[in-house]
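Trainee: I would like to go through the helix packing term by term. Please set each value against its definition.

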Amino acid sequence: MSRGEEFTAYVVQRRQQLYRAAYLLCGDSQRAEDIVQTALMKLYCAWNRARETESIDAYVRRIIVNSHLDEARRPWRRERVGRAIPDRSTSVEISLEDADELWAALKALPPQQRRIVVLRHYWGMSVAETAADLALSTGTVKSQTAAALASLRSALASDTQGEAL
Amino acid sequence: MTNEDLLTKRLHQLADSIVPPPHDARSDLQRGRRLQRRNRTAIAVGAVAVVGAVTVGAAMLPRSGPTALDPSNGGPTAGGPTASTGIRNLESDEAPDAKMTRGSFPNRFGAPPGARAALREYNNVLAEHLDPSRQHLEQYDGVGFTGGSDEAGPNEVGAKFSWTTTGQNGEGMLHVAVSRTWVNSQIYLAHKEWRPLDAILPAGWTAEIAKYDGGMAVVVHRADGVHVAIDANTLFGNNSLTSVTEFRFATSDLVAAASDKRLSFPS
């Protein structure tokens, strides 16, 4: 299989998840698409090197998180807390009202806390892996996770219907 | 269900509710191929430029040698200031005439006293502001730059530090230069478009920025006439053909580093 074929197969399989992760990080469809396109361009250029790593997903994930880091630091693209919610599928378990609340709470998190939340709870990374990816200490990751959970508590509590918090 | 489990569940539900826009994998492939072509072209152009510069430099070398500076040999007289820059192994601070480890232009005035200690401090200050975990910036290795003029002696001290990321092949660079004459500074001369930069600085200090493809440089002009410039380039052109993916710091971090009073001209 050629490099182009391998890359295309990867894109077909993984692009939607990458887009969703980028969207969770930046909260904007255009920027999420920009981040994914940029990440995939860089991935193609580094395909041989990425393929030799343990996980191509991990390689792309780092590019996406770094892109979000850069975006958040550009003063002309500072994120603003908003109520805009993404286009959504109708066949999911979460109600629009609950999604609104969680989405707003997620967007209100500081960028670093949101990155940690996405890496740990969407990508399923451990504290140590998250710390390594973000060049933070494990203690920082733990404290930032706790702070994020505290901020998200009310949004999470709204639909728990008895689930322990 | 714990808070963390609940968050994981809800986050996946939220993500699943996001409908990605339609896409064609071939477009991603084409974009990737375009970027790769651009990178290869840039590398080829860079290589040609380097070869050209080396060729021209080699052709001019005999005329810029020490004997050409001797008026009795028809060399230039001391009619005006002659700025010069050089690269010197500053491990030999106390012996300015020791051999140079890199560079092709003789440096007639040597390193100012204390240059080695100053460069080590520069390296530490850069790490403190830009790489606190010390995962990317190389340690000071004893090599630095000096610049100046025959009349004024050394008026610039600086160094280029490698910036790498574990697991990646790319190599970027942080170039720091502390000078007394901005218009002769290597970093000033390396970039064309310097623009004023709004920054919170002590009274009498100003900042400028030069952005370019692959990086940016900032300079802080201090009230005492010292200019501290930092150039962050994703490609360390002397050492690598591959750029680092990106720097994880912002313009404000560069300005903060350049404003650090520990970046002072060695005395």
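Mentor: Start with axes: they are lines fitted to C-alpha atoms, for helices over the stretch in contact, and angles run from 0 to 180 degrees between N-to-C directions. Helices (H or I, at least four residues) are DSSP runs, numbered from the N terminus. This is a predicted model; local features need pLDDT of at least 70, side-chain atom pairs count only at pLDDT 80 or more, and totals for chains, interfaces and linings use all residues. Residues are numbered from 1 along each chain as its sequence is written, chains are lettered from A and ligands numbered from 1 in the order in which they are written, and side-chain values use heavy atoms, with hydrogens and water left out.

Trainee: What makes H8(A) roughly perpendicular to H1(B)?

Mentor: Helix H8 (residues 138-157) of chain A and helix H1 (residues 3-16) of chain B pack at about 65°, with axes 10 Å apart. Angles under 35 degrees count as roughly parallel, over 145 as roughly antiparallel, 65 to 115 as roughly perpendicular and the rest as oblique. Therefore H8(A) is roughly perpendicular to H1(B).

Trainee: Which residues meet there, in H8(A) and H1(B)?

Mentor: Contact means heavy atoms within 4.5 Å. A:Thr145, A:Leu149, A:Leu152, A:Arg153, A:Ala155 and A:Leu156 of H8(A) meet B:Asn3, B:Glu4, B:Leu6, B:Leu7 and B:Arg10 of H1(B).

Trainee: Why is H6(A) called oblique to H7(A)?

Mentor: The axes of H6 (residues 111-122) and H7 (residues 127-134) of chain A come within 10 Å and cross at roughly 135°. That angle makes H6(A) oblique to H7(A). The H6(A) side of the contact includes A:Ile116 and A:Leu119, and the H7(A) side includes A:Val127 and A:Leu134.

Trainee: Where does H1(A) bend?

Mentor: At A:Arg14, by about 55°. The bend is the angle between axes fitted to the seven residues ending there and the seven starting there.

Trainee: How do H1(A) and H2(A) pack?

Mentor: H1(A) and H2 (residues 29-45) of chain A have axes that come within 9 Å and cross at roughly 145°. Their contact includes A:Phe7 and A:Leu18 of H1(A), and A:Ile35 and A:Leu40 of H2(A).

Note on methods:
Helix = DSSP H or I, 4+ residues; strand = E, 2+ residues; numbered from the N terminus.
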